[in-house]
Amino acid sequence: MKKAISYLALLALCPAAASAISRGAVDLRVTAAYNIGGTTPMGLPAEIRKIRSYNPDAHFAVSVDAARMVSEKWGLALGAGYETVGMETGISARNYHLTMNILAGNATGTRTGYFTGNIKNTTNISYISIPLTAVFRPVRDWRFDAGVYFAVAVDREFTGLVHSGQIRETPMHAAIGIDCAEYDYSSDLSRFDYGLTIAASRRVFRGLGVRAGLQWGLESVLRKSVRKIDMNTYNVYLNVGLDYTF
C-alpha cells in the first residue's frame, strides 16, 4: 500500500509539469536508475575486522523533475522520486556492541554486550525523495546537476543474523557461546534523510539519455537516541540508468 501511494504521488506531479511545459516554462525529465552502494559508517570501525561478503541486491529509483533554464547554460531543477536502497553484508567482528536475541548457544534470550564472531546484516529502505539542484548545460547534449536532496522513509529494514561467536556483557563477565542469534533494529532507523547529490546525463537519441549520479547522505541512518549499535551510518549510493527529456 505504501509503495502504491508513492507511485500515485509521482504520477500526480505529471499533469502540472506537463501544463508548464505546454507554456514553454520548463523541461520535464523522467529517470529510471539502479542504485548500488551502501548504508555504511564513514571509515570502518576497529570492531569490524573483515568484510566477508557484499551483495547490493536489486534497488531501483524512478523520478521526475522539472528544470527551468535562467540562461543558455544555467538553470534550476526540482523533482520528486521513489527509490529503494540497501545491501547484504557479511562481516567478522571483535568486541562489537550489540543487543541480540540468542536462539541457540550456551544461553538463550535477549542479551546486550560485546560480540566477537560473524554477522550477516540486511538493510532495505524505501524513500520518497525531493532533489533540488542547479543545472549546467555546457553543450546541447550534456546536462550536469548538483545540489541537495531531502527524503522520507516509507519502509525500513535493518536486521541481522549472528553465528559462530561469543558475547560478554562486560569485559569482566564470562563469555556466552553463540551458535545462532538475530537482531532487528528496523525501528532504530531514522524516517528522514538529507544530503548531497550530483549527476551527469548524456543525450544519445532524441530525448533519451544515459546518466550516472551519486547521493551522499549527511544524516546518520541509525538514530543516535535509540540505536543499539554505537556508530553513525550514512547512505552513500551510486545510481546509473536512463532518462528521457520531453
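**Exercise 1.** Which element supplies the largest share of the lining of the largest cavity?

*Solution.* The model is predicted, with local features needing pLDDT of at least 70 and side-chain atom pairs pLDDT 80 or more, whereas totals for chains, interfaces and linings use all residues. Residues are numbered from 1 along each chain as its sequence is written, and side-chain values use heavy atoms, without hydrogens and water.

Step 1. A cavity is a set of points on a 1 Å grid over the protein atoms alone where a 1.4 Å probe fits but cannot get out; a pocket is an open set with protein on both sides within 12 Å along at least five of seven lines; lining residues have an atom within 4 Å of a point. Points are joined across faces, edges and corners, and the volume is the space filled by probe spheres set on them.

Step 2. Searching the whole structure gives two cavities of 30 Å³ or more. The largest cavity has a volume of about 380 Å³. Its lining consists of 31 residues, and those closest to its centre are Ser 63, Pro 131, Thr 197, Arg 211 and Gln 215.

Step 3. Strands (E, at least two residues) and helices (H or I, at least four) are DSSP runs numbered from the N terminus. At least two lining residues come from each of E1, E3, E4 (74-105), E5 (109-136), E6 (142-168), E8 (192-205) and E9 (208-217). The answer is E4, which gives seven residues to this lining.

Step 4. The classes are nonpolar (Ala, Val, Leu, Ile, Met, Phe, Trp, Tyr, Cys and Pro), charged (Asp, Glu, Lys and Arg) and polar (the others, Gly among them). In the lining of the largest cavity, 14 residues are nonpolar, 11 polar and six charged.

**Exercise 2.** Describe the second largest cavity and its lining.

*Solution.* Step 1. The space inside the second largest cavity is about 60 Å³.

Step 2. Its lining is made of Glu 83, Val 85, Tyr 127, Tyr 149, Ala 151, Asp 193, Gln 215, Asn 235 and Tyr 237. Gln 215 is also among the residues closest to the centre of the largest cavity.

Step 3. E4, E6 and strand E10 (234-245) give at least two residues each. Five of the lining residues are nonpolar, two polar and two charged.

**Exercise 3.** How many charged residues line the largest pocket, and how many line the second largest pocket?

*Solution.* Step 1. The largest pocket holds about 330 Å³ of space. Of its 20 lining residues, Thr 39, Pro 41, Ile 48, Met 87 and Thr 89 lie nearest its centre. Two or more residues come from each of E1, strand E2 (48-55), E4 and E5.

Step 2. This lining has 13 nonpolar and seven polar residues, and no charged ones.

Step 3. The second largest pocket has a volume of about 260 Å³. It is lined by 16 residues, and Arg 137, Arg 140, Arg 143, Arg 203 and Thr 245 lie nearest its centre. E6, E8, E9 and E10 each give two or more of them, and E8 has the largest share, with three residues.

Step 4. Here the lining contains nine charged residues, besides four polar and three nonpolar ones.

**Exercise 4.** Why is the pair of Tyr 34 and Phe 60 edge-to-face?

*Solution.* Step 1. Rings of Phe, Tyr and Trp (its six-membered ring) pair if their centres lie within 6.5 Å; planes under 30 degrees apart are stacked, over 60 edge-to-face, and the rest tilted. This rule gives seven aromatic pairs.

Step 2. The ring centres of Tyr 34 and Phe 60 are 5.6 Å apart and the planes stand at 65°, so the pair is edge-to-face.

Step 3. Tyr 34 belongs to strand E1 (residues 27-40) and Phe 60 to strand E3 (residues 60-69); the two are 26 residues apart, and the pair links distant parts of the chain.

Step 4. Relative accessible area defines buried (under 20%), exposed (over 50%) and partly exposed (in between), with a 1.4 Å probe and protein chains only. Tyr 34, at 25%, is partly exposed, whereas Phe 60, at 51%, is exposed.

**Exercise 5.** Locate Leu 208 and list its contacts.

*Solution.* Step 1. Leu 208 lies in strand E9 and is partly exposed, its relative accessible area being 30%.

Step 2. Contact means heavy atoms within 4.5 Å. Apart from neighbours within four places in sequence, Leu 208 contacts Arg 202, Arg 203, Leu 242, Asp 243 and Tyr 244.

Step 3. The C-alpha atoms of Leu 208 and Thr 31 are 9.9 Å apart, although 177 residues separate the two along the chain.
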